[in-house]
Amino acid sequence: MLNVEQLRGPVDQSSKAGIPVSFVINGSRQELVIPPWITLLDLLREHLQLTGTKKGCDHGQCGACTVLIDGMRINSCLVLAVSRDGAEVTTIEGVAAGRDMHPLQSAFVEHDAFQCGYCTPGQICSAIGLLAEGRAHTRAEIREHMSGNLCRCGAYTNIADAIEHVMRQGAAAREAAE
Amino acid sequence: MNRFDYVRPDTISDAIKALAVPDARALAGGTNLVDLMKYEVARPSRIVDINRLPLKAIETTAEGGLKIGALVTNSDLAWNATVHEHFPLLASAILAGASPQLRNAATTGGNLLQRTRCYYFYDPSTACNKRVPGSGCSAIGGVNRIHAILGASDECIAVHPSDMCVALAALDASVDVEGPDGKRNIPFTAFHRLPGTEPHLDNTMAAGELITGIHLSRCDFGINHTYVKIRDRLSYAFALVSVAVGLKLKAGVIEKVHVALGGVAHKPWRDLDAEAALKGQRPERAAFAEFAGQVVAQARGQGQNDFKIELARRTIIRALEQAAAGTPQHQSNKSLQQEK
Amino acid sequence: MSVTEASHIGRPTNRVDGPLKVTGQARYAAEYPAPDLLYGYLVGSTIAAGRITAIHLDLARSVPGVVEIFTHENRGKAAWLDRSWRDEVAPPGHPFRPLHSERILFDGQPIALVVAETYEAARDAASLIHAEYETAEHCTELERKRSEAYVPPEKRSGIPPPPDPRGDAEQAFEEAPVKISRDYRVNAEHHNPMEMFGTTCVFEGEGRLTIYDKTQGSQNAQGYVTSVFGLKSKNVRVVNHYVGGAFGSGLRPQHQLFFAVMAAIELERSVRVSLTRAQMFHIGYRPDNFQTVSLAADREGRLQSIMHDVVAATSRYEDHQEVVVNWSGMMYHCDNVKLSYRLAKLDTATPCDMRAPGAAIGVTALECALDELSYEVGIDPLEIRRLNFASKDENTDKQFTSKALHACYSEGAAAFGWNERKPEPRSMRERQELIGWGVSTGMWDAFLQKAEARAKLSADGRLEVSTAASDIGTGTWTILTQIGADAFGIPLEDVTARIGDSTLPTSPVEGGSWTAASNGSAVQAACEAVKQTLFKHARKMANSPLAAAELEDVDVSKGRIFRRDDPGRSLTIVEVMHAADLQAIEETGKVGPSLLQMTKYVSYTHSAVFAEVRVDEDLGVVRVTRVVCAVAAGRILNPKTARSQILGGVVMGIGMALHEEGITDHRLGKIMNHNLAEYHIPAHADIEDIDVIFVDEHDDKVSPLGVKGIGEIGIVGTAAAVANAIFHATGKRVRDFPITIDKLIAA
């Protein structure tokens, strides 16, 4: 049960509220002073106005907050920002090359791989991670390796189509280059 | 989430010093601790960020074993070439858990310290002996469909949620810890504990100790292993029951068998007596059924989770069949194959 | 003037809002910045019934950054009368008033709002609030209240109660040679849209508020705010450009709207309040229910009697009602029908419409029962459905404006390969898995609601169409753009749709699958009005080539107005506007149901759903490997986005069949799996092949556009098709949804 006496203990009033950190976010360096209890997700959304990264559950149970940290797909809601000091962070706002959309972004539009659009940035960042990892080759593997991204609108088959399309394009391009 | 002190030591000894205050917690991947902090289940006075410690290596030992640093991520471990080749059971179990994103952040040490998914543990408005010792166990007589069928006590029926740990139990791993009183190595089966009268203690680490790594000795299961996980949806869900099996077959009989169960107890469950009884037998369904019957003989349901006893029995048999056939479960394949 | 030949309508068209969504530029309610924004965090009650006796705020107030804490003791001023709190879609009863008093009506009821300079401070402080309670007895268990069920004394607007019995269902049941009577239950479900409920209330000064809210109706939310807080309508604007799913949960104003606005008014600053995922389990749900379906047939399978009785949950304070049983009186031909629908009060929040409210649970029970009957009769489950086809609505004795259900059956069956099905349960197997094929019929309303739209054609040939509709993922942005583009024969790029704003022309809430038909037809009507005005000006011009033409002789396309029989006789839009000295022509259009037509006709969408499951019988693991959903929904405006709607409905139907269930500890009156790790919705791995077929269906009566709407039909019947497939695979009939491993192991 919640116990008021108990709650008083852990709160350390002498805590330093500001810790200097440095990130490269979508290619630009950010020097910030932040409290340790702010998550990367809230830092992006509430302080850096990068609201493309979504909060769907805030507990690592939906994948909407997926960003790329040093190239790896990670749930930003469970990351205390200070703990990733020095990292390179790529959000949905930074995945495109200049004015052209990332091939996955175009494929998502083309395959209607979303409806409400709220899980979409997380799905796309996750799919970018999946392609970079190079471990999913079959449809079943795409499904399994995308299962950390829930979509309540139920666009799963279209999402898998979009990812498979880009994956095959990539494979074809590699073959052509060889 | 409460406010807390934040320190980021560079050395293990500094980390241990920093942890020596009441309610200090070590932060690695954060996938469980930050979650618990947001639910107000964990309210640390100090976060000791250990991510800068030199614990990220996977090293092969001279005798063909492995030493895995505590900060190796679940993904790095699962996809490590040596692990894939020589410890595929471990890789498979890791890939059965959580999601790629979580595995990219979660660490080896953190996985061992993952706390239960008991609904009541997670809801500070309810009584829970694990969260607040002495407050009672709401799961007994409550919503306990996912709870323990083995080794539970009258004070706690929570289960350990990890998949990786089930494989580590089957692989007879051991855990390196370091604390104010020095270093020690804990056999995996002695690392996690049963709830007994102190369910707030998940493991046998002393206060202020830190996991530094995992040891695995050479694995001789070859292709005769599998990890089978049964859950309420086909991915991204905790196990109702999971089974890790490693077999060594010689001349048509079982020379060595390790079976660990997940989702059924407060710790990954091994039944050494049953394993001993299976040794020397032919790898056939009748022997597997007898083994499974022996493992669940002591099982006790809580009402809603009674089905897990039968489910565990059947899953053990299926996993043994897969391991014996040398057809380990691929975690992207949702058909739990059975060789006939 | 006739409708210009369609070049966009009916074509698979990418979402016009797609690029914004895939680049993260589409802003949702909690994403709008505001100067000096404050953050609110809600605290919920920890008991299900009783009263607060004390609430301790000192610790919370000591957290740096806390600005104010609102409780029932210091809440802002709000309306007194029930009717001021009743929104457009509220059921009868006493609407919930946050912080109204010390009384607790359900677990998780908001009892305090912390407002702070940062989100983190508000969250921290909220955890330090401690309330003391005097508990009262509570009941959250429908089974215990079943005997106290009652017929709701006041009908919910728009929800017809069950029809009077016809024939003598009991006697026909007694006398029939083949019969079944079974109990079914679909456990409580929670909407769980991916976007959590949030409101950013921007305090503009001078009494004006701009409110970004997660809602399915900006005008419903605006009406609620003005009425609850006594504000002038012109001072309150609600915006919901993008809505991250809702599925019915955003039909009624949710807690965060009240709290954000109350705090903004009291503190005279902008405030953002978001619910947590756990808090979203206390804002309404698909009600738990007990259903009994009794069916009787002759030896050939012709239905002789249908009886369907339902008891569904509601709250202590409102009588939430849905159309659950009426479907059983109109889906099939039967002379003897008796339907009943009652409510039972629980100590929970009021249930809330969730995708295909009523039908999703009622049709599930009926379609499982009919499947059971088909085995009793010994005929194919698809055949028994064809055999009992209803050619009119026998509840009301009215004709269907269209019903291409036979085409759904045949095209769906062909695509699925139904004729390969072996009739015996347990007769299809591959390795360790039993294979089962199941079918279900689906049905949902095709409503046309009152709606208004505005169209504005500029001299440069660009068109703007606007209506206060919402796009919750449904494709509304896109279809309104297509409709506008076709009206003037211009490319999509030259059309701007404006929706999601309470200041736009009147629109109903986005729900019931009526938006495409209603708002779409209103946009079309507005465009027609613009064309008429354009023609009027064109004809008046000196030496007009259209001087002798009548309205029906001309058309507009590619920037010109011309005679259809002689396209050379034309004027450019620019010429006409220049001559009339106009920058733009702006007109409004209105649509609404035809009462005259409603005396003779009813309109519904229909579907046939085919499902394949593979069941590992030993382990109780079910995989849904194939679904074919064939839909008759009139004219399909955009096959691409329409298909997605059906896919989504099917996925949610699979969730209903296998996964979804709010699990309550009835001792505590608490939902225990209030998160997305333990309330399972289908994940990628659970969804394999889904094939969507739109059969041809021409309907010139259902709506001016010939559109029926497709938001709900995809879920109706899907759970039954999966359950029926599981029976076919295993011979096990589970009547308690979701069909989880424990139930299959035990069966």
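This is a predicted model: local features need pLDDT of at least 70, side-chain atom pairs count only at pLDDT 80 or more; totals for chains, interfaces and linings use all residues.
Me: Let's start with chain C. How many helices and strands are there in chain C?
Reply: Chain C has 18 helices and 32 strands.

Me: And what does the C-alpha trace span along its principal axes?
Reply: About 85 × 70 × 50 Å for chain C.

Me: What radius of gyration would a compact globule with 747 residues have, and what does chain C have?
Reply: A compact globule with 747 residues would come out near 27 Å. Chain C has 27 Å, so the two agree.

Me: How much of chain C counts as buried?
Reply: 64% of its 747 residues.

Me: What share of the contacts joins residues 24 or more positions apart?
Reply: 82%, counting contacts in chain C with a separation of 6 or more.

Me: Which domains is chain C divided into?
Reply: Domain 1 covers 32–137 + 193–276. Domain 2 covers 147–189 + 285–447 + 599–746. Domain 3 covers 450–498 + 508–592.

Me: What separates the centres of domain 2 and domain 3 of chain C?
Reply: 41 Å, taken over C-alpha atoms.

Me: How many residues are in contact between those two domains of chain C?
Reply: 19 residues of domain 2 are in contact with 16 residues of domain 3. On the domain 2 side, β18 (433–445) and α16 (639–658) of chain C each supply at least two residues. That side divides into 9 nonpolar, 6 polar and 4 charged residues.

Me: New topic. How many residues of chain C are in contact with chain A?
Reply: 50 residues of chain C, against 52 residues of chain A. On the chain C side, α1 (18–22), α4 (119–127) and α16 each supply at least two.

Me: Which gives the most to that side of chain C?
Reply: α16(C), with 8 residues.

Me: What classes of residue does the chain C side have where it touches chain A?
Reply: 25 nonpolar, 17 polar and 8 charged.

Me: Over to chain B. In what order do the 3 strands of its open sheet come?
Reply: β1-β3-β2, and the pairing is parallel. The twist averages 20 degrees from one strand to the next.

Me: Why is one side of β1 and of β2 in chain B left without a neighbour in the sheet?
Reply: β1 (5–7) and β2 (24–27) stand at the edges. Each has a single partner strand, so one side of each has no neighbour in the sheet.

Me: How do strands of a sheet pair?
Reply: Through backbone hydrogen bonds, either parallel or antiparallel.

Me: Over how many bridges do β1(B) and β3 of chain B pair?
Reply: 3 bridges, in the parallel sense, with β3 at residues 46–49. In β3(B), B:Ile47 is the bridge partner of B:Tyr6.

Key. Residues are numbered from 1 along each chain as its sequence is written. Chains are lettered from A and ligands numbered from 1 in the order in which they are written. Helices (H or I, at least four residues) and strands (E, at least two) are DSSP runs, numbered from the N terminus. The radius of gyration is taken over C-alpha atoms; the globule rule is 2.2 Å times the number of residues to the power 0.38. A residue is buried if 20 or more other C-beta atoms lie within 10 Å of its own, exposed if 12 or fewer, and partly exposed in between; C-beta atoms are placed from the backbone. Two residues are in contact if their C-beta atoms, placed from the backbone, lie within 7 Å. Domain bounds come from an automatic or database domain assignment. Ala, Val, Leu, Ile, Met, Phe, Trp, Tyr, Cys and Pro count as nonpolar, Asp, Glu, Lys and Arg as charged, and the others, Gly among them, as polar. Two strands pair if DSSP finds at least two bridges between them. Axes are lines fitted to C-alpha atoms, for helices over the stretch in contact, and angles run from 0 to 180 degrees between N-to-C directions.
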